[in-house]
Structures are given as structure tokens and as C-alpha cells.
Amino acid sequence: MAERIILSERSEDDRAAAEWGMEQARLLKKGDEITQRLAAKYASIILSRNETGMASSRDRGGL
């Protein structure tokens, strides 16, 4: 990491910043897990709709 980290002179500030960072990491991980579950659950529906849309586009002289 090329960026510099400036720590506060007060340990309470550093602790609060570390807790905030850990909470952000937890939320990002949770969001990724939810996204993966939703993608797995709905991928077949999305793909079938896309195929249907492409077929109807061909019928209208599209692709």
C-alpha cells in the first residue's frame, strides 16, 4: 500500500477508526455474500428472459 496512514495522538480515535474499518469490511463481505446468493438464485431466470428477448428480437427482424 503506497498510501500513508496518519494515526491520531489519542488511542481512542485510533480504536474508533479501527472498529469503523472492521465494520465496513464486515458489511462489504455481507453484501458480497448476499449478491452471490441472489445471483445463484435468479441466474436461470435472468438467462431465460434474455434468451426469450433475443428470440423475439430475431422474430421482429432484429439480430
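Which residue forms a salt bridge with D13? The partner is R10, and the closest N and O atoms are 3.6 Å apart. The model is predicted.

## Overall make-up

The secondary structure is brief to describe: 1 helix and 0 strands. Helix α1 covers residues 11-59. The protein has 63 residues, and buried residues make up 2% of them.

The accessible surface comes to about 6100 Å². Carbon and sulfur atoms account for 57% of that surface.

## The R10 network

Salt bridges number 3 in this model. R10 takes part in a network of them, together with E12 and D13. R10 meets the side chain of E12 at 3.6 Å, N to O. The bridge from R10 to D13 has its closest N and O atoms 3.6 Å apart.

Are E12 and D13 buried, partly exposed or exposed? E12 has a relative accessibility of 46%, so E12 counts as partly exposed. D13 is also partly exposed, because its relative accessibility is 32%.

## The E23–R26 pair

Side chains of opposite charge can pair when their charged atoms come close. E23 and R26 form a salt bridge, with the closest N and O atoms 2.7 Å apart.

Where do these two residues sit relative to each other? Both are in helix α1, 3 residues apart. That spacing means they are separated by about one helical turn. E23 has 33% relative accessibility and counts as partly exposed. R26 is partly exposed too, at 42%.

## A nonpolar surface patch

Which residues make the nonpolar surface patch? They are I34, L38, Y42, I45 and I46. The patch has an area of about 420 Å².

Y42 is one of its members, and Y42 lies in helix α1. Y42 has a relative accessible area of 36%, so Y42 passes the area cut-off. At that value Y42 is partly exposed.

## Summary

The model has 1 helix and 0 strands, with 2% of its residues buried. Its salt bridges include the network of R10, E12 and D13 and the pair E23 and R26. A nonpolar patch of about 420 Å² includes Y42, a residue of helix α1.

Methods:
Residues are numbered from 1 along each chain as its sequence is written. This is a predicted model: local features need pLDDT of at least 70, side-chain atom pairs count only at pLDDT 80 or more; totals for chains, interfaces and linings use all residues. Side-chain values use heavy atoms; hydrogens and water are left out. Patches are made of residues with over 30% relative accessible area and no salt bridge: like charges are joined within 9 Å, nonpolar side chains (Val, Leu, Ile, Met, Phe, Trp, Tyr) within 5 Å. Accessible areas come from the Shrake-Rupley method with a 1.4 Å probe; for residues, only the protein chains shown count as cover. A salt bridge is a side-chain nitrogen of Lys or Arg within 4 Å of a carboxyl oxygen of Asp or Glu. Helices (H or I, at least four residues) and strands (E, at least two) are DSSP runs, numbered from the N terminus. Buried means under 20% relative accessible area, exposed over 50%, partly exposed in between (1.4 Å probe, protein chains only).
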